[in-house]
Every structure is written in structure tokens, then in C-alpha cells.
Amino acid sequence: MENKVKEKLFSAVESEKENLFSLIQRLIQIRSYSGEEKEIVEFIVAKMKEFGFDESYHDGFGNAIGRIGNGPIKIMFDAHIDTVKVTETENWAHPPFGGEIVNGKMYGRGVVDEKPAMAGFMIAGKVLKQIYGNNFPFTLYVVGSVLEEDADGYPLYHIIQNEKIKPDYVVLGEPTDLKVYRGQRGRMELKITATGKSAHGAHNQKGINAIYKMAPIVAEIEKLDKKLKPKKPLGKGSITVSQISSKAPSTCSVADYCQIHLDRRMTIGENKNTVVKELKAIIKKYKSDAKVSIPNVEGTSWKGTEFSQEAYFPTWVYDENHPLVDAAMKTSKAAIGKAKSGVWSFSTNGVATAGHFGIPTIGFAPGKEELAHSSKEELILNDLLKATKFYSLFPFEMVSNVEH
Ligand SMILES: [Zn+2]
């Protein structure tokens, strides 16, 4: 990338520094729990208009969407703007919705996961419009997605499937501590249901106990977890029994129903088919008629839009020399003087873009993943400034990488 472009963009971002910091502060001060994002979405849509975006609106699901340019290469920046709740037992040293700044750090719910990227994307867009007006070799969508904490992937699934916006490349604003993240383990939920025959406890030989049918399956699942093999760079998958429930006509009868709920994390090579097959093999080993099923995740967005999605969120990862990862590494070098790649431990909206639709996706943002959802969330403001430089330059690096 020409140095002239870089210098122009970075000095424009520098001159927006105070606006950037007050914008992130405002985003933290607007409480936006999952499903309660109306106020923050309306704020973001209005701001993008004020910043000169070519288009800004909220879509049918309630996501905030802004657009800049009309070029052939379509890039989407996505930051989810909902947060998990602040609970009474959490111990906050700073008020969670104060956006307080102490010694160059901001504190509050969402300063890691993941409002800073939204502020950075918006200021990057403002700067791009100021400098380039209407002359872009790309189309840039800036998305503030909603309800991600309840349904990772669904907000972007909606944009691609129902709003018919199909980006060529996606940059996520989940925390990466200014590294280029290029994948994540997938996850899914499953249920196994065993049925039996109830009988009076005094005549238990006449019944078939569903709990006894489930017991060896549970024991095998515990063993299976230890057998799962790690795969680079995502590590190993896991399987966890998260709930067990049973039914009997009374507490003095044989249980005729037993169900377990499972959380399964998937590494490379593991998917819905392999996971279900693995469980069916266990069931078969015990000549059991227990059934495996995948539950749905359901909910309603702040706009009243209902959704239902199979609880399957595929694994995804891109190679270091993939053109998108490469463009991001080059941008990182230009913006912060270094470039490192990594992967997330947790799940992101990439399960829809990369996992479901196969659209190349990466992440770059300030903040440490392990502080997400905790009262220790903190943002180094200078890191947000660096990330904003990255966001302003990235579309140009991406375009030049695919053109050459
Ligand atoms: Zn997040």
C-alpha cells in the first residue's frame, strides 16, 4: 500500500482521537443488554448519518447497518453491540455504565466485549468519507449486530439470508488484543432422550428404568471427552453433560423418561455429522433405543422479530496465507508496527459468515478475550486508536491484495 494513503488516513484518525474516545464512552453509557438494544441502535444509525455514511438504517432484525461506497469488493465490519448483564454478585471497581477513564484506560460493561470496535469502525468510516468522498474501490458495510450473546451468528445470518447483503470478506470486532484472529472452535448443543416403562416402586421388576438406560451413556460421554484429540491451531474439542432431567409418575415409581443436555465444542474435522455419529455409536454399544437430537435456539429481537435456529455453530479457520489473513497482517504491520495471528477460544458471529456461508472472516480489535463477561473489563484507549487506524486502512490493503 502506498505510504501516502496510509499517512493521510492515520493522521486523519489521529485528529479524530477525542471524538473516538467520547464515542466509545457514550456507547458504554447506553446500556444494551441482549434484546434491549433499541436505544443504542438508534444512536448508532443517527451517528453514521451525521458522519456522512452513504446509507444508515436498522434492518428487519434490528441490526444497525451503515454503508460507504459502491465498489465491487464488499467488505463487512461487524461488532455486536449487545452485552451480557451485570449481575448483583459482580464486583465492579468502576460503575459498569459510567465509561470512566483512569490513566488512559476505560472501564465498564462492554469495553472488551465488544463496543470499542463499533466506535472504531464508525470513526474509520467518517475519516474515509472525509478523505475519499464518493470514490471507493470497495463497498464497506459497518454493522452493529444485536442479540449475539444469545444467538452467536444469527444476526449476520439474518443480514445475509434475509436482507440479501452478501459480503466477500468480514472483519469481526470481538477482542483479539490487536492480533489477527483467523478462526474459532465450533459449538453445538445436543439432547439424548431415553424412555422406559413406569411401574410401582413396590413392583419395580415390571418397569424399565430410563435413568438406568441413560447411566452407561453418561459414563461413556465422560470417557469420550478425554479421548478427543487436539488439532492445530484450534486445540481440542470437548463434550460436557450440562443438564439431566427425568420423569416418573411419582417419587415412588420407576422413571420412564430421562434426558441429558450436552455442550459440544468442535475442533478441526469435527462437525454435526461426526458428533452425532460418535454419540449413536455409544448408544448402539449398549443396545439402547435412546435418541439423539439437536435443539433449537429461539428468541425475539428488540424489534419484535422472532427467530429460531438449530443449535449448531460450525468450526472455521483460515490459513495464514489466505488473502484476507495476509491483508490483515499487512494492515496490522502498518497500523501498529507488528502482526501476530491467533484464534478465539469462544464463539463469534463468524459461525454464520465463515462457518455457515463460507465467507472469509477474521477479527481484529483491542481487549483481552479472557476479560469478556467479567467485572474486570478494561480498554486501553490508545489500543482503540491503533485499531481504528487498522480499520481505516484495511479495505485498501484488501483490495490491493486481491487485485495483484
Ligand atoms: Zn462478543
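The model is predicted: local features need pLDDT of at least 70, side-chain atom pairs count only at pLDDT 80 or more, and totals for chains, interfaces and linings use all residues. Residues are numbered from 1 along each chain as its sequence is written. Helices are DSSP runs of H or I with at least four residues, numbered from the N terminus.

**Helix α1 against helix α4**

- The axes of α1 (residues 3-15) and α4 (residues 115-132) come within 10 Å and cross at roughly 125°; axes are lines fitted to C-alpha atoms over the stretch in contact, and angles run from 0 to 180 degrees between N-to-C directions.
- Lys 8, Leu 9, Ala 12 and Val 13 of α1 meet Ile 123, Val 127, Gln 130 and Ile 131 of α4; contact puts C-beta atoms, placed from the backbone, within 7 Å.

**Helix α4 itself**

- α4 has 18 residues and spans 26 Å from first C-alpha to last, close to the 26 Å expected at 1.5 Å a residue, where the expected span is 1.5 Å times one less than the number of residues.
- Of the 18 residues in α4, 14 are buried, meaning that 20 or more other C-beta atoms lie within 10 Å of a residue's own.
- Gly 133, with a positive phi near 60°, follows α4.

**Lys 47**

- Lys 47 sits in helix α3 (residues 38-50).
- Lys 47 counts as buried because it has 23 C-beta neighbours inside 10 Å.
- C-alpha to C-alpha, Lys 47 and Leu 379 are 22 Å apart in space, and 332 residues apart in sequence.

How values were computed: Helix = DSSP H or I, 4+ residues; strand = E, 2+ residues; numbered from the N terminus. Contact = placed C-beta atoms within 7 Å. Buried ≥ 20, exposed ≤ 12 C-beta atoms within 10 Å, placed from the backbone.
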